Structures are given as structure tokens and as C-alpha cells.
Amino acid sequence: MSTIAIILGSTRPQSNGRALFNHLKLTINQLTPNTTTQFTFLDLADYQLPFFDEPLPPMANPDRQLPANQQRWLTDMAAADGYVILTPEYNHAMPAVLKNALDFLAFEGQRKPVKLMSYSDNMRGGQFGAASLVPVLQRLGMVVLPKPTPVGNVPQTLQADGQFISEAPLQARYQRALQQALTEITYYTDVLTANPFPTV
Ligand SMILES: Cc1cc2nc3c(=O)[nH]c(=O)nc-3n(C[C@H](O)[C@H](O)[C@H](O)COP(=O)(O)O)c2cc1C
């Protein structure tokens, strides 16, 4: 059985992304009815990561001794076989907290698939946030799936607890887009987990 981590890329207390994150938590079983995949939900705010200031790049430092909260972030990422990253767009890029969290990683995500799901409070869906993540994730050795899923108008569609706002017009479109995104990441995670890259 494979595990997919769904990561919330904003730590703002009033984050619109948290509504989408909560929505996925509430509906994950309906959105992925025919899978044995286990989903974990990683909220960056839970890790309280400082600004990265280690003396060496993580990839060049196999002997890192990290405080428990920082190690937990690495362990949770290593435990997953695939990822969905929820990212907003801050000034045409990913939020600094998300880039900072990714800078803590060494090989935890290597050769694992990642689906980008960008979101926004407007109709554009935060696509520059997802685009800015592609080279970062590739540098970390992750297999970035084609076509990020943009999710627009989050506060117009979801309550903070993740429930749909009654009669919100985008409900059906959300269900289709989220189901498609989760089907893709589940498929690629299963394929890559069943066919591990050969040791060279
Ligand atoms: C610092 C900042 C910069 C933003 N820059 C953009 C932007 O470049 N393009 C855009 O469409 N929305 C932009 N927005 C609006 C965000 O898409 C929207 O606020 C989104 O809900 C932020 O995600 P969050 O609430 O989970 O932090 C920006 C918001 C913030 C706080």
C-alpha cells in the first residue's frame, strides 16, 4: 500500500489554502473511492521550521543532527511515496515558507511523483506559484507530473472548515478537478512504487 502526503504550502492563520486542505481531508474517501492508498496531511505550520541556516547544503551533509521538529518534517516527507503540494501564488511565485521547507530536504523526495495543485482567491488559480515550484522540485529529484491543477475562487467556494459554501457555482468543477488530480497522483505513485528505480 502506498502513501501520498498532501502538503499545505501556506502558514497564514487565515490561509485560504487551509480551506482547500480541510476540504481534501473531509472528502478524500469520496474523491478516491477505488484505492488502497493512504493519505497523510502535512501542515507546514505544525513544524515551526526556522529560516534554513545550516552550514552545509542538506544534500552534502549526511551527518545532520536536527532538532525534533525539523527532523519530523524530513521523516514525514521520507515516509511518503508521492505528494500533492497545495501552493498559492505570492507575487508570481511560491510562498517563502514553502521554499524554505523544501530547502531542508536532501533526498527524501527523490524519484517520487509530485502533483502540483495551485489555488487562489481569484479566478486565475495561482498558476505562477505552481510554475515556480517545478525547477525546485526537479532539483530535489522529484518527478513532477504534467499539468498542475489550478483551483480558483477558494473563499467564494469553500468555508474555512472545508465544507462547500451552499450553492457555490464551482462545486461540480471542484469535484472533477480534485478527483482527476488525485487519480493522477495515485496512478503514478502506484506505478513508481511497484517499479523501484534500479540501484546503479
Ligand atoms: C503576499 C501575497 C502576494 C500575492 N500575490 C498574488 C499574485 O501574484 N497573483 C495572484 O493571483 N494572487 C496573489 N495573491 C493572492 C493569493 O492568491 C490569495 O491571497 C491566496 O488565498 C493566498 O493563499 P493563502 O491564503 O493560503 O496564504 C497574493 C497574496 C499574498 C498574501
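User: At which residue of helix α4 does the kink lie?
Analyst: This is a predicted model. Helix α4 spans residues 127-139 and bends by about 30°. The kink comes shortly before proline 135. It lies at leucine 133.

User: Which residues of α4 are buried, and which strands are included in what covers them?
Analyst: Gly129, Ala130 and Leu133 are buried in α4. Leu133 is also where the kink lies.

User: Which glycine follows α4, and what is its phi?
Analyst: The residue is glycine 141. Its phi is positive, near 85°.

User: Where is the kink in helix α1 centred?
Analyst: Helix α1 covers residues 16-31. Its buried residues are Asn16, Gly17, Arg18, Ala19, Leu20, Phe21, His23 and Leu24. The kink is about 45° and is centred on lysine 25.

User: Which residues come nearest to the ligand?
Analyst: There are 15 residues around the ligand. By class, that shell holds two nonpolar, nine polar and four charged residues. Asn16 and Gly17 are buried residues of α1. They belong to the nearest set, which is Ser10, Ser15, Asn16, Gly17 and Pro88.

User: Which residues have the most contacts inside the largest nonpolar core?
Analyst: In soluble globular proteins, nonpolar side chains tend to be buried together. Here the largest nonpolar core has 42 residues. β3 supplies Val84, Ile85 and Leu86, each of them buried. The residues with the most contacts inside the core are Ile6, Leu20, Val84, Ile85 and Leu86.

User: With which residues is leucine 20 in contact, leaving aside its neighbours within four places in sequence?
Analyst: Leucine 20 is buried in α1. It is one of the residues with the most contacts inside the largest core. Beyond its sequence neighbours, its contacts are Leu86, Tyr119, Val151, Val154 and Leu158.

User: Why is β3 largely enclosed by the rest of the structure?
Analyst: In a regular strand the side chains alternate between the two faces of the sheet. On one side of β3, Gly82, Val84 and Leu86 are buried; on the other, Tyr83, Ile85 and Thr87 are. Both faces are therefore covered, and the buried count for β3 is six of six residues.

User: How many bridges join β3 to β1, and how many join β3 to β4?
Analyst: β1 and β3 run parallel, with isoleucine 4 opposite glycine 82. β3 and β4 also run parallel, with leucine 86 opposite methionine 117. The β1 to β3 count is five bridges, and the β3 to β4 count is five bridges.

User: Which residue of β2 is the bridge partner of leucine 8?
Analyst: Strand β1 (residues 3-8) has five of its six residues buried. β1 pairs with β2 (residues 38-43) in the parallel sense, over six bridges. Leucine 8 has as its partner in β2 aspartate 43.

User: Is glycine 126 buried or exposed?
Analyst: Glycine 126 sits in the loop between β4 and α4. Its contacts, apart from neighbours within four places in sequence, are Thr87, Pro88, Glu89, Ser118, Tyr119, Ser120 and Pro150. Glycine 126 has 29 C-beta neighbours inside 10 Å, and 20 or more is the cut-off, so it counts as buried.

User: What distance separates the C-alpha atoms of glycine 126 and threonine 149?
Analyst: The two residues are 23 residues apart along the chain. Their C-alpha separation is 9.6 Å.

User: Is asparagine 91 buried or exposed?
Analyst: Asparagine 91 lies in the loop between β3 and α3 (96-103). Its phi is positive, about 50°, although it is not a glycine. Asparagine 91 has 8 other C-beta atoms within 10 Å, so it is exposed.

User: Is glutamate 167 buried or exposed?
Analyst: Glutamate 167 is in the loop between α5 (154-157) and α6. Its phi is near 65°, positive in a residue other than glycine. Glutamate 167 has 6 other C-beta atoms within 10 Å, so it is exposed.

Conventions:
Residues numbered from 1 in each chain as written. Predicted model: local features only at pLDDT ≥ 70, side-chain atom pairs only at ≥ 80, totals over all residues. Near = placed C-beta within 6 Å. Nonpolar A, V, L, I, M, F, W, Y, C, P; charged D, E, K, R; others polar. Bend = angle between axes of the 7 residues up to and from the residue. Helix = DSSP H or I, 4+ residues; strand = E, 2+ residues; numbered from the N terminus. Buried ≥ 20, exposed ≤ 12 C-beta atoms within 10 Å, placed from the backbone. Core = buried A, V, L, I, M, F, W, Y, C linked by C-beta atoms within 7 Å. Contact = placed C-beta atoms within 7 Å. Pairing = 2+ DSSP bridges.
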